[in-house]
Amino acid sequence: MALNARTRGLCIALTLALEVLGPGCGGWDGGNVYTQRWHPRWQRELSDTTYRVGVPGPHWEPHQEQDAQVAWRRTDGSGMITARAQCEAHGDRTLEQFLDDLRLDFRYWTEQQRSMVRFAGREGLRVRSIVTLDGVSLTMDALLLKKNGCLFDFWYVATDGAFHTGLADYERFLVGFQFPLR
């Protein structure tokens, strides 16, 4: 079907508008729902999804964190809770292989506990570790989950002395997870 000049012009304008406005659509506004961002069809490897998490509590504030879709920072600066989803781009690797990739961000990594857990109706991998980031020793709890074609990773990282203080808030964050949204 041939397009007339006006229709072709409208199509080009719409395409350009979506490319400019699209990356700003969706995302996280500091609440409990992360909304899928729009991506052009040719950038499928960047796809994500809409999901819900719990709000950790009064001692936490929304925070912009590189490589995280949702991030909460403890108001005293002693901890961070993050969530991220990758859909379609992660392939068919195991949760252990994804964990290996995520370890690359840390200079030292000493596992304290590792277990397969039931989470959101699926089997997830939960790991507690002592890590070193920029010379600072931290305690970290990570939960990885594959569900409906998406890989989710949830993290709670805190200074060693403050880890147990925020652990209940992290559990509240996890308990609020819902995907897909109904």
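This is a predicted model: local features need pLDDT of at least 70, side-chain atom pairs count only at pLDDT 80 or more; totals for chains, interfaces and linings use all residues.
Colleague: Is threonine 94 buried, partly exposed or exposed?
Modeller: Threonine 94 sits in the loop between strand 6 (79-87) and helix 2 (95-103), where helices (H or I, at least four residues) and strands (E, at least two) are DSSP runs numbered from the N terminus. Buried means under 20% relative accessible area and exposed over 50%, with partly exposed in between (1.4 Å probe, protein chains only). Because its relative accessible area is 38%, threonine 94 is partly exposed.

Colleague: Why do the buried residues of helix 2 line one face of the helix?
Modeller: The buried residues in helix 2 are Leu95, Phe98, Leu99 and Leu102. An α-helix has 3.6 residues a turn, so residues three or four places apart point the same way. Seen down the axis of helix 2, with the arc taken from the directions from the helix axis to the C-beta atoms, the buried residues line one face because they fall within an arc of 105 degrees.

Colleague: Which residue in strand 8 stands opposite threonine 110?
Modeller: Two strands pair if DSSP finds at least two bridges between them, and strand 7 (108-119) pairs with strand 8 in the antiparallel sense over eleven bridges. Within strand 8, the residue that stands opposite threonine 110 is isoleucine 130.

Colleague: Which residue takes a positive phi in the hairpin of strand 8 and strand 9?
Modeller: Strand 8 and strand 9 run antiparallel and are joined by ten bridges, and leucine 133 stands opposite valine 136 in strand 9. Their hairpin has two residues between the strands, and the residue with a positive phi, near 55 degrees, is aspartate 134.

Colleague: How many residues does the largest nonpolar core have?
Modeller: A nonpolar core is a set of buried Ala, Val, Leu, Ile, Met, Phe, Trp, Tyr and Cys residues joined through side-chain atoms within 4.5 Å. Among the residues with the most contacts inside the largest core are Val70, Phe152 and Phe173, and the elements that each supply at least two of its residues include strand 5 (70-74) and helix 3 (163-175). The number of residues in this largest core is 26.

Conventions: Residues are numbered from 1 along each chain as its sequence is written. Side-chain values use heavy atoms; hydrogens and water are left out. Contact means heavy atoms within 4.5 Å.
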